[in-house]
Amino acid sequence: MSEKTDVLIVGAGPTGLTLAAGLLSRGVRVRVIDRAERASPHSKAITLWPRSFEVFDTLGAGRELYDRGVKLAATNYYTGDRHIGRLRMRPLTGTRFPVPVSLPQVTTEEVLRETVGRHGGRIEFGSRLESFVQDDDGVTARLADGTEIRAGWLVGCDGAHSTVREGAGVSFEGATYPQSFVLVDGEYDTEYVHDESYYVMGRTGVIVVAGLPGGLYRFFASVPPGVEVEDAEAAVARAVAENSPLRADSVKVAGSGVFRIHRKLADRMRVGRVLLAGDAAHIHSPAGGLGLNTGVQDAGSLAWRLAAVVRRGLDEAELDAWQEERLFVAHGVVAEADQQTRMWLLKGWRRWLRDVGITVGLRTGVIERVLPRRMAQLDLVLPVQGPAAGRLRPGSRLPDVPVTGRGQYLYDLLGGGHLLLAAGDEGAGALPGLGLPVDADPEVLRIVTVPLHVAQSLGVPRRALCLVRPDGVVAAAAAPSDRAAAEALRARLLALVTPAPAESRAR
Ligand SMILES: Cc1cc2nc3c(=O)[nH]c(=O)nc-3n(C[C@H](O)[C@H](O)[C@H](O)COP(=O)(O)OP(=O)(O)OC[C@H]3O[C@@H](n4cnc5c(N)ncnc54)[C@H](O)[C@@H]3O)c2cc1C
């Protein structure tokens, strides 16, 4: 058996790669195995939302990925040949990645593999996990070729048919939609505008169209239940001929596929020293483009905690808190994608009602105000208990706003660790009284006083304190002169950043 590693990651899809880079960048020893002989050539997910870029940014890859994608300017809705509305993508506030972007999964994975390499890791392709056993100190994994790997922790990022999930005895319940779906990525001679997306709810099914980098398009279509698909390209061409209100002539196909859509959720994401993330824990319809994004965020919020457990002896209960938060998000995402998928496929009076709803929602601006922010999950509040300070409450996301006129943003101050924000000089004045570890390692905790105009833009009262986690989520907050809240914040901070005695970190 080889030397023990800290974390064995099974699966080098977007979830596993993000986790690997996040752990390596924090000094954790990691091995990443994937059963495939080489990187996947399939473009699958194409939509990336701001919070994923924020995770990628902590790894040094956010800007490159954002710049390589097509920025989506609007979404259009057709029912039959009738254009019922256009949702403009106004730049979202509180993030430096203000619009959703279309980028094929192959490119996202390629950039993430390079990022893993930059942090000193490599992917062991052609290595399939077959089974594992865990004990109090770690996990022994057995590969298909008989090799054994000993690791402190095992994370299953091995997709919908996860071997890790099965081995851990975690159930994965749900349902499968009756329709098949087909897609083609390629060059088109078409009237569809390249930087806009389209939902066409047509006579025989739905077509979704979006631009891809390099002038390419994705056409994605439903196939009625019971219809066998032998040729995905022909099926997309038929769906376009039957339903498309705009001209779309295929010039050259770059990739195509046929698939079924499921919605399933794991009942747990942690079993002792075994964790599950990404599609291994939740799968759903691509409606809304949230699958890859949810896996990336599972990984982003696991990386700092698992690194702190391994390197600094953080209480393992933090991994249970991670599980609770991510299952909460996964439940919401599966329900959202299900609702949108059903909306696409409505018939009769329900279809009429949906179209009226979309038309009214767009005309009044309600959809424009609500939908993009909801899909971007910028205002999502995770189930974290504790008092609030103005608009910032535990579980909410700290907006990433400029802090200086020189292009510095709040998240630049995070630097992979925790951040204690004091609102204004009076907030900073409250710090010594709290007895905080002001000499803490800056990689673990930074204490920053933000000017009052910044505090105001965050919706935080002057003299407030706010503890922010490395994933940008508020861990604790204390409004001015709320002594109990300040004491709770201090306790939370000490639990998160104070190293445990050396013997509990021994490998
Ligand atoms: C057509 C389509 C369109 C989609 N569109 C979107 C979209 O627009 N936006 C979005 O966010 N999501 C979308 N998704 C979903 C998205 O592709 C997935 O959510 C994403 O790939 C999940 O990433 P993952 O890393 O968790 O798992 P995967 O990408 O499935 O990676 C799992 C990896 O584990 C490896 N593996 C499996 N078993 C083992 C084993 N026993 N040992 C070793 N390695 C193993 C596999 O080889 C694979 O590389 C779409 C999916 C499809 C099919």
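Helices (H or I, at least four residues) and strands (E, at least two) are DSSP runs, numbered from the N terminus. Arginine 273 sits in the loop between strand 17 (270-271) and strand 18 (274-276).

The model is predicted: local features need pLDDT of at least 70, side-chain atom pairs count only at pLDDT 80 or more, and totals for chains, interfaces and linings use all residues. Residues are numbered from 1 along each chain as its sequence is written, and side-chain values use heavy atoms, with hydrogens and water left out.

Is arginine 273 buried or exposed? Arginine 273 is buried, at 15% relative accessible area. Buried means under 20%, exposed over 50%, partly exposed in between (1.4 Å probe, protein chains only). Contact means heavy atoms within 4.5 Å. Leaving aside neighbours within four places in sequence, the contacts of arginine 273 include Asp135, Asp136, Asp137 and Glu316.

Next, the cores. A nonpolar core is a set of buried Ala, Val, Leu, Ile, Met, Phe, Trp, Tyr and Cys residues joined through side-chain atoms within 4.5 Å.

| Core | Size | Residues include |
|---|---|---|
| Largest nonpolar core | 89 residues | Val7, Ile9, Phe132 |
| Second, separate core | 28 residues | Phe181, Val208, Phe220 |

In the largest nonpolar core, Val7, Ile9, Leu19, Leu23, Phe132, Leu306 and Leu467 touch the most other members. Helix 7 (residues 291-312) gives the largest share of this core, 11 residues. Domain 1 (5-46 + 104-171 + 267-343) and domain 3 (410-505) both give residues to this core, so it lies between them. Domain bounds come from an automatic or database domain assignment.

Isoleucine 9 is in contact with Leu19 and Leu23, among others, leaving aside its neighbours within four places in sequence.
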